[in-house]
Amino acid sequence: MSISPDHEIIWIACLHEGNVHQHSSGIDEIIDYIGSGKNRYAFIDGDIGDGISHLDKRWERTSQTKESILEQYNNITDRFMPIRHRLLGANSGNHDWKLNTFGDCVKGVFCKRLEIPYGTVACKLIVNDTRGKLQYKAFIHHPFTGCINSTNADPIMREAMETSQVKRKLCLQRMGDCILNISAHFHKGRIAKPFQGLYLIDDGKSIKQKYHREANPTAEYIPEDLRWFASLPGFLKKHMMGLSGYVERSAYEPVELGVIRSFAVAGKITHMDKKLV
């Protein structure tokens, strides 16, 4: 994918189109945001449709806003159509994959109609500049199982422990040449920055302190502690007046709603943050 060396990428996941608990106006806000900025792009990392059919034990008539699964994927495709030239690709998530008996709606509807690359469940995004020169690589994954969680009483420690879990899960994928590693599924926005730690050397006469410098984003191997890691929030609200969907019935905790943003200057990622809606 060829884009300007100075750019912003919006990492989106867990849209759950068709679920009545979807934060629909938040999705519209993000779509408007992507379309309004220069060199602003997006990648969608799975659970694009809610994918809950009447054969699923979680299904109930009052929790679905679309009459059919196909309607879910066509509708969410229509919503993203105005910014399709800003979309770098899309993955499938566990909700999407449940429908594979009937066909791949992310590949066959969403990506096909928008004419964007399909990454299956996990993919690498090769980010080149407009002359075709490599800027960096990103690994993007939507696991089907697992969670990130902590029972620590201190909210600062809870977030730190959950961030560490995200980093560990993504490190286990062994994508050594990807300076940016993204995971969806957990509905929690967590960002682990590169850690430029201390090390000691000697010159034969004395001990000297040195610090790891930022990684070369085009290197064949990038040390784990010098990479960026992030898990993505989503767009599924827990509580609604007069309704009780499977999220509420399963006693999941309320989560942040929004996206993660990464910013690059001269082809290098300079920072990442959450944009909540």
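A salt bridge is a side-chain nitrogen of Lys or Arg within 4 Å of a carboxyl oxygen of Asp or Glu. I start my notebook with that, and I keep in mind that this is a predicted model.

**Entry 1: salt bridges**

I looked up how many salt bridges the structure holds. The total is 17.

I picked Lys-188 and Glu-253. Their side chains meet in a salt bridge, at 2.9 Å from N to O. The pair links distant parts of the chain, 65 residues apart. Lys-188 is in the loop between strand 6 and strand 7. Glu-253 is in the loop between helix 6 (246-249) and strand 11 (258-265).

Is Lys-188 buried or exposed? I found a relative accessible area of 9%. Buried means under 20%, so Lys-188 is buried. Glu-253 has 43% relative accessibility and counts as partly exposed.

Next I took Lys-268 and Glu-214. They form a salt bridge, and the closest N and O atoms are 3.2 Å apart. This pair also links distant parts of the chain, with 54 residues of separation. Lys-268 sits in strand 12 (residues 268-276). Glu-214 sits in the loop between strand 9 and strand 10. Lys-268 counts as partly exposed, at 36% relative accessibility.

Asp-273 is in strand 12 and Arg-261 is in strand 11, 12 residues apart. Asp-273 has 22% relative accessibility, so I note it as partly exposed. Arg-261 has 15%, so I note it as buried.

I followed strand 4 into strand 5. The two run antiparallel and are joined by 7 bridges. Ala-122 stands opposite His-141 in strand 5. Strand 4 and strand 5 form a hairpin, with 5 residues between them. In the turn I found Gly-132, which has a positive phi of about 90°.

From strand 5 I moved to strand 6. Strand 5 (residues 134-141) and strand 6 (residues 180-183) run parallel, joined by 4 bridges. Ala-138 stands opposite Leu-180 in strand 6. Phe-139 stands opposite Asn-181 in strand 6.

How many residues of strand 5 are buried? I counted 6 of its 8, so strand 5 is mostly covered.

**Entry 2: two positive phi values**

I looked for positive phi in residues other than glycine. Asp-47 has a positive phi of about 50°, although it is not a glycine. Asp-47 lies in the loop between strand 2 (40-45) and helix 2 (69-80). Asp-47 is buried, because its relative accessible area is 2% and the limit is under 20%.

His-185 is another case. Its phi is near 90°, again positive in a residue other than glycine. I placed His-185 in the loop between strand 6 and strand 7. His-185 is buried too, with a relative accessible area of 16%.

**Entry 3: a nonpolar patch**

Last, I went to the surface. Which residues form the nonpolar patch there? They are Leu-198, Leu-200, Ile-207 and Tyr-211. Together they have about 460 Å² of accessible area. Strand 8 (198-202) and strand 9 (207-211) are the elements that give two or more residues to the patch.

I took a second look at Leu-200, which is found in strand 8. Its relative accessible area is 55%. Exposed means over 50%, so Leu-200 is exposed.

Notes
Residues numbered from 1 in each chain as written. Predicted model: local features only at pLDDT ≥ 70, side-chain atom pairs only at ≥ 80, totals over all residues. Heavy atoms only, no water. Patch = residues over 30% accessible without salt bridge, like charges linked within 9 Å, V, L, I, M, F, W, Y side chains within 5 Å. Areas by Shrake-Rupley, 256 points an atom, 1.4 Å probe, with all protein chains shown as cover. Buried < 20%, exposed > 50% of the residue type's maximum accessible area, 1.4 Å probe, protein only. Pairing = 2+ DSSP bridges.
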